[in-house]
Amino acid sequence: MKKETDIALEFNEFSKNYTNDMIRCVPCYLELVSSFGKHFPEDFNPNSILDLGSGNGNITAQLIPYFPDATFTLVDASTEMIDLCRKQFKNYNVNYANTYFNDFSFKKDHYDLIVAGFSLHHCNKKEKRAIFENIYSSLKIGGIFSYCDLMISKTNPDHPQLLEQWGQFVNSNFPDGEKWAWVMEHYKNYDKPTDYLLQKEWLENAGFTNIRIPYRDGYWMYLQTRK
Ligand SMILES: C[S@@+](CC[C@H](N)C(=O)[O-])C[C@H]1O[C@@H](n2cnc3c(N)ncnc32)[C@H](O)[C@@H]1O
């Protein structure tokens with residue numbers, strides 16, 4: 001059984017070639033990441049933005065051209081990932097929290113925008129429900145929460161087919177099969193994806209209404225909702 005602290009170590013290692021690996025291991029990674037800059041209401045101009053599980057900064061990097069004067073807070077358990085962000089964003093207003101979500105102190109009614117790219121599937125069901133409540137409470141009225149993730153549980157009847165198609169995608173980029181074996185090892189140890197409908201129910205329980213999916217490719221989805 002892997003411990004929570006292992007996530008930070010796993011992503012310290014993964015940080016070395018992160019973006020290239022994600023592009024070639026996650027179907028439509030770039031489309032999902034670029035969705036973060038595309039689907040906001042025209043009059044939306046956030047001052048305060050929280051990026052949960054920022055990794056090396058790919059989601060924040062999408063937002064900065066639109067909102068260069070905003071204050072960003074980046075949370076990630078991996079020190080190496082946070083260090084990559086520190087180098088990349090040194091000319092912007094960025095605060096860092098090198099910590100687990102469970103230990104992060106969510107300020108009440110504070111953020112205009114909270115984002116999470118491919119990070120919430122590392123949380124178990126109880127943690128996801130708690131984090132949705134923290135996110136709701138931490139947003140200002142009118143604030144937006146958007147995140148992208150794989151939204152299918154490992155027990156969903158469609159899951160074997162998802163793995164089949166995902167494997168074909170990874171093996172088309174890495175034909176020797178070693179990368180797919182690594183992806184499946186990581187998936188077994190660190191990933192706890194949840195069905196979209198269950199996440200929708202938990203978001204609604206937390207207080208969110210008007211949940212939208214502006215972009216999806218099968219079970220790889222980008223979701224947006226507003227407080
Ligand atoms: C797959 S990466 C996603 C990075 C980036 N957001 C993106 O879209 O490419 C997941 C990141 O979330 C972080 N992470 C996972 N679980 C976490 C937790 N419980 N608390 C804090 N960070 C976590 C990992 O360290 C990793 O950097």
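Colleague: In this predicted model, which helix makes a right-handed β-α-β unit with β2 and β3?
Modeller: The unit has β2 and β3 as its two strands, and its crossover is right-handed. Those strands pair in the parallel sense over 4 bridges, and within that pairing V75 has A97 in β3 as its bridge partner.

Colleague: Which helix makes a right-handed β-α-β unit with β1 and β2?
Modeller: Strand β1, residues 48-52, runs parallel to β2 and is joined to it by 5 bridges, with S48 standing opposite T71 in β2. The helix that makes the right-handed unit with β1 and β2 is α4.

Colleague: How many of the residues of strand β2 are buried?
Modeller: Strand β2 covers residues 71-75 and pairs with β3, while bridges also join β1 to β2. The strand is mostly covered, and of its 5 residues the number buried is 4.

Colleague: Which element gives the most residues to the shell around the ligand?
Modeller: The ligand is surrounded by 22 residues, with F11, G53, G55, G117 and H122 the closest. The elements that give two or more residues to this shell are α1 (5-14) and α4 (58-63). The one that gives the most, with 3 residues, is α1.

Colleague: Why can the protein chain be called as compact as a globular protein of its length?
Modeller: The secondary structure of the chain comes to 9 helices and 7 strands. For 227 residues the globule rule gives 17 Å, and the chain counts as compact as a globular protein of that length because its radius of gyration is close to that value, at 17 Å.

Key
Residues are numbered from 1 along each chain as its sequence is written. This is a predicted model: local features need pLDDT of at least 70, side-chain atom pairs count only at pLDDT 80 or more; totals for chains, interfaces and linings use all residues. The radius of gyration is taken over C-alpha atoms; the globule rule is 2.2 Å times the number of residues to the power 0.38. A residue is near a molecule or strand if its C-beta atom, placed from the backbone, lies within 6 Å of it. A residue is buried if 20 or more other C-beta atoms lie within 10 Å of its own, exposed if 12 or fewer, and partly exposed in between; C-beta atoms are placed from the backbone. Two strands pair if DSSP finds at least two bridges between them. A crossover is right-handed if, with the strands pointing away from the viewer, the path from the first strand over the helix to the second runs clockwise.
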